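Please open the structure in the viewer and display its side chains.

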Amino acid sequence: MAHHHDNDRHGHGQGHGHGHGHDGDIDWAEMAHLLETQAELFTPLYEHALSWLAKEVTEPGLIVDAGSGPGVIACLFADTFPGARVVAVDGSEPLLERARARAEREGVADRFGTVAGELPDVLDELDYPADLLWASRSVHHLGDQRAALAACAERLTPGGTLAVMEGGLPARFLPRDIGFGRPGLQARIDAVEQDRFSRMRAELPGSVPAVEDWPALLVSAGLRHTRSRTFLLDLPAPATDRARAYVTAALTHTRDLLAEDLDADDRATLDRLLDPDDRASVHHRPDVFVLAAHTVHSAVRPV
């Protein structure tokens, strides 16, 4: 939602929703609509990532989405691997309700299940080990990330794959100079989000500092054959109505969440960008775009 997670505004949903209940300031159910529309918009990026995984993971029997949020990616897994059973795991029952409804709409409900509970302990409730366990920006909400990855690794079949989506680059929606306010607004928002993310990590129960070298963390969990790849979402200007609506929702969330951490000029710029009556707002301006990069790291449990 900081490697970069974009403070979970546009990271998860995408997978975002997760099995964690310790971010006291994040109400995942309240964010459900934003998470779902964001994940739908980012579907091309996820499809590329899943296609990349499919080259190495052949005919998995069980796929687990750990921190599934509203289930957009989990349903994509069901589509990508028509022979697999998919289990969406999340700490938020309202988000899992959305996941089940999506599976029904997409005709995959017969091989789609959900488990509610907090990561990583909830993984012990799985009936049998996973051939592919996916965690999209959920591990960074757990105090001891190394221990969480080890717990995930233990739930894999021998030869099974753990894939985590962590890192990448902050999303961009606007040119550096938008014609009013101080140029570089999004870079300053990034800096505030980095600080906020660090505070969030420090305040998690059992928080353990860790170098965010994800391949090394996967190896420390007993896995092998690490590989990483970054996937791009490039939706150029002029934005579609759906992309524009997402940018508006994301910047509104930023304003609501970070307003007190931004200076008065940047708050005023955000307010103007979000004013539907202002022709220079994101509701109307022709130069709105969405450019984002998310990185996936995968590794295999030794046979």
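**A tour of the salt bridges**

Begin by selecting R98, which is partly exposed, with a relative accessible area of 31%; here buried means under 20% relative accessible area, exposed over 50%, and partly exposed in between (1.4 Å probe, protein chains only). The model is predicted: local features need pLDDT of at least 70, side-chain atom pairs count only at pLDDT 80 or more, and totals for chains, interfaces and linings use all residues. Residues are numbered from 1 along each chain as its sequence is written, and side-chain values use heavy atoms, leaving out hydrogens and water.

R98 lies in helix 4 (residues 93-105) and E36 in helix 1 (residues 32-41), so the pair ties together parts 62 residues apart in sequence. Helices (H or I, at least four residues) and strands (E, at least two) are DSSP runs, numbered from the N terminus.

Now move to R172 and D190, whose side chains form a salt bridge (2.7 Å, N to O). R172 belongs to strand 5 (residues 156-172) and D190 to helix 6 (residues 185-203), 18 residues apart. R172 is partly exposed at 25% relative accessibility, while D190 is buried at 9%.

To close, show the salt bridges of the whole structure; a search finds 13.

Note on methods: A salt bridge is a side-chain nitrogen of Lys or Arg within 4 Å of a carboxyl oxygen of Asp or Glu.
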